[in-house]
Amino acid sequence: MRWSIPYIPHPAVAGDGENLPMKPRLSICVPSRNRQIYFQQTITHLTRNLRDDVELVLADNSDDAEPMRGFMESFAGDRRVVFLPPTGEVLSMVDNWERTMAASSGEWIVFIGDDDYVDQDLVDLLNRVQAVQPDLDAFSWQLVGYTWPFPERGKCGVFVPFETRVFKLPQTDLLKRMFTWHEAKHVPTSGFSVYHSAISRKLMERIRTLYGGRYFEHPVVDYDNAFKVICTGRSFATTGATLGVMGSCPLSNSFGIGKAKQFKEKTELFIAEAGRNFDNDFDFKFFPFSSLLGTTATIGVAQNWFKRKYKLKWKDWEANFAKACAHDTQSYPDRESFDAAQEGYRAAFKLWKNGKFLRHFKPVYVEKKPEQIVTSGFQATGVNFDQNIAGAKTPGEIFDIIRAIRPPLDTIPVEASGLKYPWEVNNPGSKAA
């Protein structure tokens with residue numbers, strides 16, 4: 001294990017120079033704060049894979065350094081591991097991600113949460129994809145969700161799709177999906193953030209050069225990066241294969257989604273630890289939405305910041321955004337939370353652009369009954385199973401089951417003649433989406 005200095009402005013890894021392993025193909029970066037029990041489980045599962053072309057950069061930003069310090073002693077001889085201990089002062093999420101990225105050395109980078117999991121063997125598929133698309137900037141894959149056990153969890157299911165094909169995607173489509181909210185439910189469907197996607201170092205360095213000399217600027221770090229990757233990257237590819245698990249533990253921000261009180265509490269804590277109320281980065285009158293309203297508003301605030309700071313303009317996105325806000329409102333399971341979200345969003349839309357887009361905000365409350373039965377078995381497009389299967393209690397253990405179900409990565413075809421766009425595969429002879 002290599003101990004890194006707390007903060008470095010350029011990619012580097014502390015060590016003894018000549019005895020360092022060769023440059024890793026992939027750096028898996030895991031920033032963490034005050035969730036040591038989940039962080040430790042994630043590290044345990046990641047280090048089980050012994051391949052030597054993957055580096056693990058683990059950044060602890062906790063108030064108490066001792067739990068992770070003692071735990072990491074068992075990895076003292078593991079040269080794949082770079083551990084960044086607390087600096088002595090609490091870093092914002094932006095700065096913790098910044099130092100984590102700066103301490104990495106891989107040709108490709110992926111960030112995951114400390115309650116998530118990613119398949120390190122994705123490197124094998126990535127290598128084959130890049131062999132036919134040498135200019136590749138970003139590579140994404142299918143994720144499944146997992147809720148960590150807690151007393152009130154109840155029944156939860158996992159769906160693993162059979163789709164494994166590899167496609168290239170046009171930047172124009174990604175820009176449309178991100179910035180015009182095309183086909184958005186409650187979040188843009190564009191993908192390609194360094195959070196749960198692999199982004200090339202050359203693109204991350206280009207982003208650092210073009211956007212203020214930093215890898216990350218906005219506290220909504222995953223979307224901050226997604227905006228920049230999509231605007232700056234040139235070559236994108238994706239696979240339908242499941243290569244990662246998005247965990248949700250009781251201490252995570254995502255755990256509050258769909259629960260009005262919890263979401264508000266976690267958002268307020270998130271803003272406090274960011275060191276500033278980023279809702280007010282620009283004059284509120286231009287975009288009178290608050291992150292406290294919900295996930296869609298949080299992304300909208302970050303997107304408004306990005307467009308205004310870098311003087312980017314997009315047409316015909318407002319109605320789609322209003323529809324996405326309606327979907328977000330409908331995610332709240334109880335009537336009280338739904339009504340509160342609806343009231344907040346309506347007030348914002350009335351203030352925004354003289355209420356012009358309020359008519360597109362039409363949430364409909366549908367009572368959601370607690371699910372008592374989780375469907376298990378095969379469907380035409382994938383397979384369902386209970387999260388409790390085989391006693392699984394972590395994303396890593398769930399992924400062991402997924403790996404057994406999913407086709408082996410070396411059987412996924414990557415055409416030697418080059419990747420095709422989805423419409424070229426689904427409709428041979430078609431020239432446009």
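**Close-up views of helix pairs and a pocket**

**View 1. Helix 10 and helix 11 are roughly antiparallel to each other (angle over 145 degrees).** The model is predicted: local features need pLDDT of at least 70 and side-chain atom pairs pLDDT 80 or more, while totals for chains, interfaces and linings use all residues. Residues are numbered from 1 along each chain as its sequence is written, and side-chain values use heavy atoms, without hydrogens and water. Helix 10 covers residues 318-330 and helix 11 covers residues 335-351 (helices are DSSP runs of H or I, at least four residues, numbered from the N terminus). Their axes come within 9 Å and cross at roughly 160 degrees (lines fitted to C-alpha atoms over the stretch in contact; angles run from 0 to 180 degrees between N-to-C directions). The crossing of helix 10 and helix 11 is right-handed (near helix turned clockwise from the far one by less than a right angle). In the contact (heavy atoms within 4.5 Å), helix 10 supplies Phe321, Ala322, Cys325, Asp328, Thr329 and Gln330, and helix 11 supplies Phe338, Ala341, Gln342, Tyr345 and Phe349. By class, the contact of helix 10 with helix 11 has seven nonpolar, three polar and one charged residue (nonpolar: Ala, Val, Leu, Ile, Met, Phe, Trp, Tyr, Cys, Pro; charged: Asp, Glu, Lys, Arg; polar: the others, Gly among them).

View 2. The axes of helix 7 (residues 221-232) and helix 9 (residues 295-309) cross at roughly 50 degrees and come within 10 Å. Helix 7 passes helix 9 in a right-handed crossing. Tyr223, Asp224, Phe227, Lys228 and Cys231 of helix 7 make the contact with Ile299, Ala302, Gln303, Trp305 and Phe306 of helix 9. These residues divide into seven nonpolar, one polar and two charged.

**View 3. Helix 6 meets helix 7.** The axes of helix 6 (residues 201-210) and helix 7 come within 10 Å and cross at roughly 100 degrees. Helix 6 is therefore roughly perpendicular to helix 7 (65 to 115 degrees). From helix 6, Leu203, Met204, Arg206, Ile207 and Leu210 meet Asn225, Lys228, Val229 and Thr232 of helix 7. Five residues of the contact of helix 6 with helix 7 are nonpolar, two are polar and two are charged.

**View 4. The second largest pocket holds about 360 Å³ of space (space filled by probe spheres set on joined grid points).** A pocket is an open set of points on a 1 Å grid where a 1.4 Å probe fits, with protein on both sides within 12 Å along at least five of seven lines; lining residues have an atom within 4 Å of a point. The lining has 13 residues, with Asn304, Lys307, Arg308, Leu312 and Lys313 nearest the centre. Helix 9 gives the most to this lining, with three residues. By class, the lining has six nonpolar, one polar and six charged residues.

Definitions and conventions
Helices (H or I, at least four residues) and strands (E, at least two) are DSSP runs, numbered from the N terminus. Angles under 35 degrees count as roughly parallel, over 145 as roughly antiparallel, 65 to 115 as roughly perpendicular and the rest as oblique.
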